[in-house]
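Here are some notes for your look through this model, written as numbered points.

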Amino acid sequence: MSYSAGYTKSVTACIDMQALRYNLTSIRSQVKNSKIMAVIKANAYGHGICHVAKHSEFADAFAVARIEEALKLRASNVLKPILLLEGFNSPSDLQVLVTQNIQIVVHCEEQLLALEQAKLNMPIVVWLKIDSGMHRLGIHPNQYGDFITRLKACSNIAQPLYYMSHFSCADELDRSVTQNQLKLFLSLTHDCDGELSIAASAGLLAWKESYLDWVRPGLIMYGLSPFANSTGVDLGYRPVMTLKSLLISIRDIKTGDNVGYGEVWSSECYTKIGVVAIGYGDGYPRMTPAGTPVLLNGREVPIVGRVSMDMLTIDLGFSATDKVGDEVILWGQQLPVEKIARYIGTTAYELVSKLTSRVSMEYFK
């Protein structure tokens, strides 16, 4: 049996590469004296890791979380420097990382011991991660002197070293935590001979003093805001992703009729219910509450009932003239994903990065 190449896709994430280029250009103009390490972990926040890397000419390097991501980039002929943000998980990874010219973060004693004991063909580039207050990964400030001595003495490590840390509350502008973290990081590294990095998206948007030698834009690169009460558009950036589906059914509903699993929603009046071909099997959250909007024919329409694996339902209104086959936008330029995240009680980070493999990706300029 053969299938036509022209079939209609149920769910599509449309990725605007021109918007990506615009956002990176904006970042470049803002951080003129810093190099850009574009964060493309988690499949480039759901946007497609290889496509994003190949269209990020303004980036000086890339950052990923897992070795699989780094190797996928190298297999796609991405030649720019790649940093493995979590470092390596096993000493056996080191030779692969050296062969593929992948830089690593060192954040704990176990990694340092493995580097000291390894037999590598050539030195590897190391970024020492310092815990300046997030208390997730990174060496304690009290360990700094000992680590520096050992890292500089290790023949498996390229010199000079690089240094990094990570803000815990840079998106909260009324707190002093960020300034305290930056002060601690700079006080430890003030006489180092390597390059420094601490600012991710919120840092480069709100804390100019944190730019240093490198910035690490993640969410803002995709045109989305890391701040709770703003969108990327508000900040002058362009959303890169538009998530679309189709209206596949329209049903007349009477007052008191229940819709969906668990009968969690009942209609208060005569209306029309539309069924949209997207659900948690595509990555649209099951816990989405009633009232969360989608965009249909230029107007916002509320989700009603429980999101199921393959479908969700929307209240079209009794006088609706929508038709089966009409396009439904779940988020994008006209309906910011940050707005959807606020309805659901999550973040834009989670929504864009949790799309599943059955969502079709389309790239255009």
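1. Let me begin with the charged pairs. This predicted model holds 16 salt bridges. As background, side chains of opposite charge can pair when their charged atoms come close.

2. Have a look at E57 and R21, which form a salt bridge with their closest N and O atoms 1.9 Å apart. This pair links distant parts of the chain: R21 belongs to helix α1 (residues 17–30), E57 to the loop between α3 (49–54) and β3 (61–64), and 36 residues separate them.

3. The next bridge joins the side chains of K35 and E195, at 2.9 Å from N to O. Here too the pair links distant parts of the chain, 160 residues apart: K35 is in strand β2 (residues 35–39), and E195 is in the loop between α8 and β8 (196–199). The relative accessible area is 30% for K35, which makes K35 partly exposed. For E195 the value is 24%, and E195 is partly exposed as well.

4. E86 and R66 form another salt bridge, with 3.4 Å between the closest N and O atoms. The two sit in loops, E86 between β4 (82–84) and α5 (93–99) and R66 between β3 and α4 (67–75), so the bridge ties together parts of the chain that are 20 residues apart in sequence. E86 has a relative accessible area of 27% and is partly exposed. R66 counts as partly exposed too, at 45% relative accessibility.

5. Salt bridges also come as a network here: E109, E116, D146 and R150 are linked in one. One of these residues, R150, is also listed among the buried residues of helix α7 (residues 144–153).

6. Which residues of α7 are buried? They are Y144, F147, I148, R150 and L151. An α-helix has 3.6 residues a turn, so residues three or four places apart point the same way. You can compare that with the spacing of the list above.

7. A disulfide is a covalent bond between the sulfur atoms of two cysteines. The closest cysteine sulfur to that of C108 is in C154, and at 14 Å it is too far away for a bond, because the cut-off is 2.5 Å. C108 is buried, at 19% relative accessible area, whereas C269 is partly exposed, at 42%.

8. T292 deserves a visit, in the loop between β13 (271–276) and β14 (293–296). Its relative accessibility is 0%, and T292 counts as buried. A polar atom of the T292 side chain lies 2.9 Å from the backbone oxygen of P289. Leaving aside residues up to four places away in sequence, T292 touches Y284, V301, P302, I303, I340 and Y343.

9. Most residues other than glycine have a negative phi, and most peptide bonds are trans. Against that background, the peptide bond from Q159 to P160 is cis, with omega near 0°. P160 is placed in the loop between α7 and β7.

10. A44, in helix α2 (residues 41–46), has a positive phi, near 55°, without being a glycine. Y45, in helix α2 as well, is likewise not a glycine and has a positive phi of about 55°. Are these residues buried or exposed? A44 is buried, with a relative accessible area of 0%, and Y45 is buried with 8%.

Technical notes: Residues numbered from 1 in each chain as written. Predicted model: local features only at pLDDT ≥ 70, side-chain atom pairs only at ≥ 80, totals over all residues. Heavy atoms only, no water. Buried < 20%, exposed > 50% of the residue type's maximum accessible area, 1.4 Å probe, protein only. Helix = DSSP H or I, 4+ residues; strand = E, 2+ residues; numbered from the N terminus. Salt bridge = Lys/Arg side-chain N within 4 Å of Asp/Glu carboxyl O. Polar contact = N/O pair within 3.5 Å; in protein donor to acceptor, adjacent residues only side chain to side chain. Contact = heavy atoms within 4.5 Å.
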